[in-house]
Amino acid sequence: MARSISYITGSQLLSLRRPPNIAIIDVRDDERSYDGHIAGSLHYASDTFSDNISNLIQEVKGKDTLVFHCALSQVRGPTCARKFVNYLEEVKDDAGIKNVMILERGFNGWEASGSPVCRCSEVPCKGICSTSGRSCVKSFRDRTSGIMFYFSSVLAGRCSSCRIC
């Protein structure tokens, strides 16, 4: 069962219905804590990824698509995605995962394109400002398309306590 890994652009990812079937896996190491992250993403640092694959499989139960990324998605993101696929093949279990993808241009490209970034320090990310307890990232679902949109309350001037706002 050779499983392929494909690439997805940030705009394609935004157009997909995130919850409940897609998980975004951030494999950056320390930079996640100060650069921000994609709201709702799961953090599995690349330096310990191999040791934690079984935990990741448990955490993504019910998801059918995983999108991996690092800062640029040139080394760590693709490497971890391949390790994940190899693990599934080794244990002969697809865990319900139909698609394994890599975010083109990684987190840096995501942020540079103006896509929403969460600055919370919660694990797992809940889109909540950890110092004020108020939401720094709001979301709503478009009723016509079903697409989930995220925006920062910074733009609305509502959060005054977190280190970014």
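Q: Rings of Phe, Tyr and Trp (its six-membered ring) pair if their centres lie within 6.5 Å; planes under 30 degrees apart count as stacked, over 60 as edge-to-face and the rest as tilted. Which residues do ring pairs link into a cluster?
A: This is a predicted model: local features need pLDDT of at least 70, side-chain atom pairs count only at pLDDT 80 or more, and totals for chains, interfaces and linings use all residues. Numbering starts from 1 along each chain as its sequence is written, and side-chain values use heavy atoms, leaving out hydrogens and water. The whole structure holds 2 aromatic pairs. Ring pairs build a cluster from Phe49, Phe68 and Phe84.

Q: What is the geometry of the Phe49 and Phe68 pair, stacked or edge-to-face?
A: The centres are 5.9 Å apart.

Q: How many residues apart are Phe49 and Phe68?
A: Helices (H or I, at least four residues) and strands (E, at least two) are DSSP runs, numbered from the N terminus. Phe49 sits in helix α3, Phe68 in strand β4. The pair links distant parts of the chain, 19 residues apart.

Q: Is Phe68 buried or exposed?
A: Buried means under 20% relative accessible area, exposed over 50%, partly exposed in between (1.4 Å probe, protein chains only). The relative accessible area of Phe68 is 0%, so Phe68 is buried.

Q: Why is the pair of Phe68 and Phe84 called tilted, and what is the angle of the planes?
A: The ring centres of Phe68 and Phe84 lie 5.8 Å apart. The pair is tilted because the planes are at 50 degrees.

Q: Which ring does Arg28 lie over?
A: A charge sits over a ring if NZ of Lys or CZ of Arg is within 6 Å of the ring centre and within 35 degrees of the ring normal. Arg28 is at 4.1 Å from the ring centre, over the face of Phe107.

Q: How many disulfides does the structure hold?
A: A disulfide is a pair of cysteine sulfur atoms within 2.5 Å. The sulfur of Cys70 has its closest cysteine sulfur in Cys80, at 8.0 Å, too far for a bond. The number of disulfides is 0.
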